[in-house]
Amino acid sequence: MGKLFTVVKYEILNTSRIFVPLYSVLVIVSLLGGFLFYGENSLPILNGQYTMNINGVETVKTINGMGFLFGSVFIILTTVAFAITLFLLISRFSKSMLGDEAYLNMTLPLTLGQQIWGRVICSFLWVISCSTIISLASVFIHFRKKGTTIFNINYSDFAARFAEYYGINFIWMIISLLVTVICLIMTFILFGFFISALSHLFKKHRGITKIFMSVILFIVYCNILRYVFSSIDYKAVSCAPMVITWTLTGINTVFSLIYIFTTQFILATKLNLE
């Protein structure tokens with residue numbers, strides 16, 4: 001276990017040089033936007049007005065210029081942070097296990113399983129971190145809304161109405177959704193690991209091979225999802241949203257395990273370094 005976590009530690013230190021500044025900027029932008037420039041009591045900077053004619057009645061509206069600016073920047077940063085997280089984790093695996101770094105890594109006193117699982121654990125920790133930071137940043141940028149704060153909202157009343165309508169506790173539903181999203185992201189990353197290892201079996205046209213295999217496997221994945229979800233009798237279940245989330249989590253967990261063990265098998269039997 002000690003050697004396994006050495007791999008995890010090394011990969012986290014390596015990737016943190018990009019992730020930490022990226023996530024820090026995202027949090028800073030959300031804090032500035034939420035506390036200073038968002039909501040009715042925001043600082044009146046770059047504000048403007050426009051007139052709307054609704055049913056013959058003219059209404060003057062105020063545009064929160066800085067709020068709109070920070071909101072737009074926040075959406076862009078969130079998208080960029082998510083995309084970079086996925087791309088960097090997959091590229092790190094390819095570089096450290098199939099590229100130049102693999103020569104050194106394969107000489108270390110570590111088994112292939114420890115090498116692979118260390119990177120899987122590192123990816124899992126960064127996915128949780130990314131999801132948590134984006135969720136907190138989304139809360140921060142909506143801190144002040146309509147002259148109040150998010151802490152003054154009557155969550156108990158909302159949770160009660162949610163439970164009455166869907167038949168499930170609101171907090172439990174949020175946790176289920178987070179687990180499903182994290183599992184879905186991990187499935188995509190492990191799919192990237194698998195495609196990188198699979199394409200390495202070919203000496204030529206690896207880029208085309210990656211695209212072709214990705215399309216084929218994605219079609220298979222979508223058809224399996226369609227078959228599973230179409231076979232569920234939603235009228236017979238007490239809480240359809242929970243059935244959907246946990247079914248999706250189960251399917252993605254199975255695919256993730258298949259990707260991990262298939263990747264390990266390919267590298268153990270057909271490894272061909274650059």
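Which residues form one aromatic cluster? Phe191, Phe194, Tyr221, Phe255 and Tyr259 do.

**Basis of the views.** This is a predicted model, in which local features need pLDDT of at least 70, side-chain atom pairs count only at pLDDT 80 or more, and totals for chains, interfaces and linings use all residues. Residues are numbered from 1 along each chain as its sequence is written, and side-chain values use heavy atoms, with hydrogens and water left out.

**Figure 1. The protein chain as a whole.** The chain holds eight helices and four strands. Both are DSSP runs numbered from the N terminus: helices are H or I with at least four residues, strands are E with at least two. Read from the N terminus, the order is α-β-β-α-α-α-β-β-α-α-α-α. Of the 274 residues, 39% are buried. Buried means under 20% relative accessible area, exposed over 50%, and partly exposed in between (1.4 Å probe, protein chains only). Take the contacts (heavy atoms within 4.5 Å) between residues at least 6 apart in sequence: 74% of them join residues at least 24 apart.

Figure 2. The structure holds nine aromatic pairs. In Phe255 and Tyr259 the ring centres are 6.0 Å apart and the planes stand at 50°, so this pair is tilted. Rings of Phe, Tyr and Trp (its six-membered ring) pair if their centres lie within 6.5 Å; planes under 30 degrees apart are stacked, over 60 edge-to-face, and the rest tilted. An α-helix has 3.6 residues a turn, so residues three or four places apart point the same way. Phe255 and Tyr259 are both buried.

**Figure 3. Helix H7, residues 206-230**. H7 has 25 residues and spans 36 Å from its first C-alpha to its last, close to the expected 36 Å. The expected span is 1.5 Å times one less than the number of residues. Buried residues in H7 are Arg206, Thr209, Tyr221, Leu225 and Phe229. Tyr221 also belongs to the aromatic cluster.

**Figure 4. The largest cavity, about 60 Å³**. The whole structure has two cavities of 30 Å³ or more. A cavity is a set of points, on a 1 Å grid over the protein atoms alone, where a 1.4 Å probe fits but cannot get out; lining residues have an atom within 4 Å of a point. Grid points are joined across faces, edges and corners, and the volume is the space filled by probe spheres set on the points. Glu11, Thr15, Leu89, Arg92, Phe93, Arg119, Cys122, Ser123 and Phe193 line the largest cavity. Helices H1 (2-35), H2 (65-98) and H4 (112-141) each give two or more residues to this lining. Its residues divide into four nonpolar, two polar and three charged. Ala, Val, Leu, Ile, Met, Phe, Trp, Tyr, Cys and Pro count as nonpolar, Asp, Glu, Lys and Arg as charged, and the others, Gly among them, as polar.

Figure 5. Thr249 lies in helix H8. Its relative accessibility is 7%, so Thr249 counts as buried. Leaving out residues up to four places away in sequence, Thr249 touches Val179, Thr180 and Cys183. Gln264 is also placed in helix H8. Gln264 is partly exposed, at 21% relative accessible area. With residues up to four places away in sequence not counted, Gln264 touches Leu112, Gly113, Ile116 and Trp117.

Definitions and conventions: On a 1 Å grid over the protein atoms alone, a cavity is a set of points where a 1.4 Å probe fits but cannot get out, and a pocket is an open set with protein on both sides within 12 Å along at least five of seven lines; lining residues have an atom within 4 Å of a point.
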